[in-house]
Amino acid sequence: MRIGHGYDVHAFEPGDHVTLGGVRIAHTQGVKAHSDGDVVLHALCDALLGALGLGDIGQHFPDSDPRWKDANSRVFLCHCAQLLREHHYRLVNADITVLAEAPRLGTHRAQMRANIAADLETTPDRINIKATTSEGLGALGRGEGLAAHAVVLLAHAENGNHGHDHGRSHHRRGR
Ligand SMILES: [Zn+2]
């Protein structure tokens, strides 16, 4: 088992939407970023890379690289999914917290979980997304931007069948 943590923050700039968990959400401001500024996916990628011991998202996708200008951050997440496969790990679960005074995630949460689960080839029940405000404190509290934390747990493929095929394989082994 390996654990990883990721954190990301972006400032707001003039605009009409933010992208969170691959979902475009209408908002009174946009996000200042080289890519689409998806703090949920950036924090999650950093958590996955951290758990794998492979550095951080900035090393894999330098913001000096024009290829990632306005990039859809699901490309980054799919790259992390590929690294998981290559290293024979699978996601046990991910827990993500969005820090923002606005917008509210509300009904978008289900689609965010579905997007992440699809990209990581798992089921939405393994992806939790929470949201909280900063109670008006600091830059986030003043609504100058938004941030996200992510924690992931990975299991190596050797232990990969735990929780799935339980019972059967043990019986078979006993025969
Ligand atoms: Zn970011």
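Which residues in α3 meet Asn115, Ile116 and Asp119 in α4? The first close-up answers that, and the others look at the rest of the chain. This is a predicted model, where local features need pLDDT of at least 70, side-chain atom pairs count only at pLDDT 80 or more, and totals for chains, interfaces and linings use all residues. Residues are numbered from 1 along each chain as its sequence is written.

**Figure 1. Helices α3 and α4 meet here.** On the α3 side you'll find Arg74, Leu77, Cys78 and Ala81, and these meet Asn115, Ile116 and Asp119 in α4. Being in contact means that the C-beta atoms of two residues, placed from the backbone, lie within 7 Å. Helices are DSSP runs of H or I with at least four residues, strands are E runs with at least two, and both are numbered from the N terminus. The axes of α3 and α4 are 9 Å apart and the packing angle is about 40°, which makes α3 oblique to α4. Axes here are lines fitted to C-alpha atoms, for helices over the stretch in contact, and angles run from 0 to 180 degrees between N-to-C directions. Angles under 35 degrees count as roughly parallel, over 145 as roughly antiparallel, 65 to 115 as roughly perpendicular, and the rest as oblique.

**Figure 2. The whole chain, for orientation.** The protein chain has 6 helices and 7 strands, and they come in the order β-β-β-β-α-α-α-β-α-β-α-β-α. Along its principal axes, the C-alpha trace spans about 65 × 35 × 25 Å. A compact globule of 175 residues would have a radius of gyration near 16 Å, and the 17 Å of this chain agrees with that. That radius is taken over C-alpha atoms, and the globule rule is 2.2 Å times the number of residues to the power 0.38.

**Figure 3. Inside the largest nonpolar core.** A nonpolar core is a set of buried Ala, Val, Leu, Ile, Met, Phe, Trp, Tyr and Cys residues joined through C-beta atoms within 7 Å. "Buried" means that 20 or more other C-beta atoms lie within 10 Å of a residue's own, "exposed" means 12 or fewer, and "partly exposed" is in between, with C-beta atoms placed from the backbone. This core has 38 residues, and Val40, Leu44, Cys45, Leu48, Ile96 and Val98 touch the most other members. Several elements each supply at least two of its residues, among them β2 (17-20), α3 (74-86) and β7 (145-156). Helix α1 gives the most, with 10 residues. Zoom in on Ile96: not counting residues up to four places away in sequence, this residue touches Val40, Ala43, Leu44, Asn128, Ile129, Lys130, Ala148 and Ala150.

Figure 4. Beyond its neighbours within four places in sequence, Asp38 is in contact with Thr19, Leu20, Gly22 and Ser73. Leaving aside neighbours within four places, Ala51 is in contact with Arg2, Ile3, Gly4, Val152 and Leu154.

Figure 5. Most residues other than glycine have a negative phi, and most peptide bonds are trans. His88, in the loop between α3 and β5, has a positive phi near 60°, and this residue is exposed, with 12 other C-beta atoms within 10 Å. Glu135 has a positive phi of about 55° although it is not a glycine. You'll find Glu135 in the loop between β6 and α5 (138-141), exposed, with 9 other C-beta atoms within 10 Å. Finally, the peptide bond from Ala102 to Pro103 is cis, with omega near 0°, and Pro103 lies in the loop between β5 and α4.
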